[in-house]
Amino acid sequence: MRVSLYELTRGELTELVESWGQSPVHAARIWHHLYWGYADSLEKMADLPARVRARLEAETRVGALPAALETQSSDGFTRKFLLGLDGNRMIETVLMRFTGRVTACVSSQAGCAMGCVFCATGQMGFKSQLSAGEIVAQAVHVAREWRLCAKSNGESPAGGSHRLRNVVLMGMGEPLQNYEAVMKAVDILRDPSGLALGAERITLSTVGVVPGILRLAAERRPVHLAVSLHAATQEGRLALVPVAKKWPLDELIAACRRYSETTGRRVFYEWALIEGRNDSAEDARAVGRLLRGLPAQVNLIPLNPTAGYAGAPSRSEAARRFQHILGGEFALPSTVRQRRGIDIAAGCGQLAGGPGADSARFPAA
Ligand code: SAH
Ligand code: SF4
């Protein structure tokens, strides 16, 4: 199989081009085509000398992922792409448009082995790991689509406002169970002469893989860390997140403490608000007590519907009360995540990698 260019760091691409006896200038040009031109095929790199093109065509491919399906939410702010991988595998990637910026929500695995009860990806089980190139390809896909959209709206491509601003590793899969590939992808996404997504622009969300969090800290990886908490007791968490058995709550909190001490960064804690389950005033106080003294922000996500879980999202009054208690009694900042793309099953925890696998299974909200 020819190597995917998205799989290579700029240094590796330069080495490859030099190994052909060619000038590194050509590597810089290829890089520019990939991450500024968003070229999805080698044919689009027309200004390369024929001898470089010939080697590229013989030994490499861009690695762009074909979109088998695209859906757009009725408000137009969210677009979901079903992208094909080798071997008939499929993943989903989401473009989320907020005022003045675009975020790509990318997958790190096809499916997921962690089995969180309310998550459609968990309900489908684990299919395979993604390579670094397959992760990078998703971000570039979103960047390319966003620029096409900006151009067709007559917005000037100058000034960089059409560039992808943020990447969240919050799609399908558990990124810390695919550590090497995810970190290589992060390095490629950050490259200052490529997509140039700095440390503040990439957020990795984990279910709470303790060894992975400790490794992130030890290696001081330049990403924001979000940890999916959902319950403030070991017992409560076990019922929602089965892997809490392997990585219990006290160990998870200790790892987060270590992460913040080592990196100086605060951690985002995600909390899917489930009506009558984890949204009471007492639940909010338990979160406040659990996170006391930690640099933290809580992101509340009203539960999104999935076929395999019957829970309902908390009402907005419950979400407001939760926030009020966290802020008022514990000085703990929090946000309620905007519900986006629910009608096309593109919300948190709704990605399941196939048209029949999501929208057909439950009606649009
Ligand atoms: N595997 C990682 C990242 C992908 S899931 C993780 O679990 O953190 C991204 C976020 O969506 C997580 O916080 C997850 O708990 C949350 N989530 C999963 N299913 C959800 C649902 N049905 N409604 C709301 N949030 C959900
Ligand atoms: Fe996997 Fe995250 Fe879904 Fe849990 S919430 S099953 S870890 S993708």
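This is a predicted model: local features need pLDDT of at least 70, side-chain atom pairs count only at pLDDT 80 or more; totals for chains, interfaces and linings use all residues.

**Stop 1: ligand 2.** Select ligand 2 and show what surrounds it: Cys112, Met114, Gly115, Cys116, Cys119, Gly122, Gly173 and Val207. Colour that shell by class and you get five nonpolar, three polar and no charged residues.

**Stop 2: aromatic pairs.** The count here comes to four aromatic pairs. Pick Phe118 and Tyr309, an edge-to-face pair with 6.2 Å centre to centre and 75 degrees between the planes. Phe118 is in the loop between β7 and α4, while Tyr309 is in the loop between β13 and α11, so this pair ties together parts that are 191 residues apart in sequence. Both Phe118 and Tyr309 are buried.

Now select Trp271 and Phe322, a tilted pair at 5.6 Å centre to centre, with 45 degrees between the planes. Trp271 belongs to strand β12 and Phe322 to helix α11, 51 residues apart. Trp271 and Phe322 are both buried. Then show Tyr6, Trp31 and Tyr35, which ring pairs link into a cluster.

**Stop 3: arginines over rings.** Go to Trp36: Arg163 lies over its face, 3.6 Å from the ring centre. At Phe77, look for Arg340 over the face of the ring, at 4.6 Å from the centre.

**Stop 4: two positive phi values.** Select Tyr38, in the loop between α2 and α3. Its phi is near 55 degrees, positive in a residue other than glycine. Is Tyr38 buried or exposed? With 2% relative accessibility, Tyr38 counts as buried.

Finish at Ala331, in the loop between α11 and β14, where phi is near 50 degrees. Ala331 is exposed, at 66% relative accessible area.

Note on methods: Residues are numbered from 1 along each chain as its sequence is written. Chains are lettered from A and ligands numbered from 1 in the order in which they are written. Side-chain values use heavy atoms; hydrogens and water are left out. A residue is near a molecule or strand if one of its heavy atoms lies within 4 Å of it. Ala, Val, Leu, Ile, Met, Phe, Trp, Tyr, Cys and Pro count as nonpolar, Asp, Glu, Lys and Arg as charged, and the others, Gly among them, as polar. Helices (H or I, at least four residues) and strands (E, at least two) are DSSP runs, numbered from the N terminus. Buried means under 20% relative accessible area, exposed over 50%, partly exposed in between (1.4 Å probe, protein chains only). Rings of Phe, Tyr and Trp (its six-membered ring) pair if their centres lie within 6.5 Å; planes under 30 degrees apart count as stacked, over 60 as edge-to-face and the rest as tilted. A charge sits over a ring if NZ of Lys or CZ of Arg is within 6 Å of the ring centre and within 35 degrees of the ring normal.
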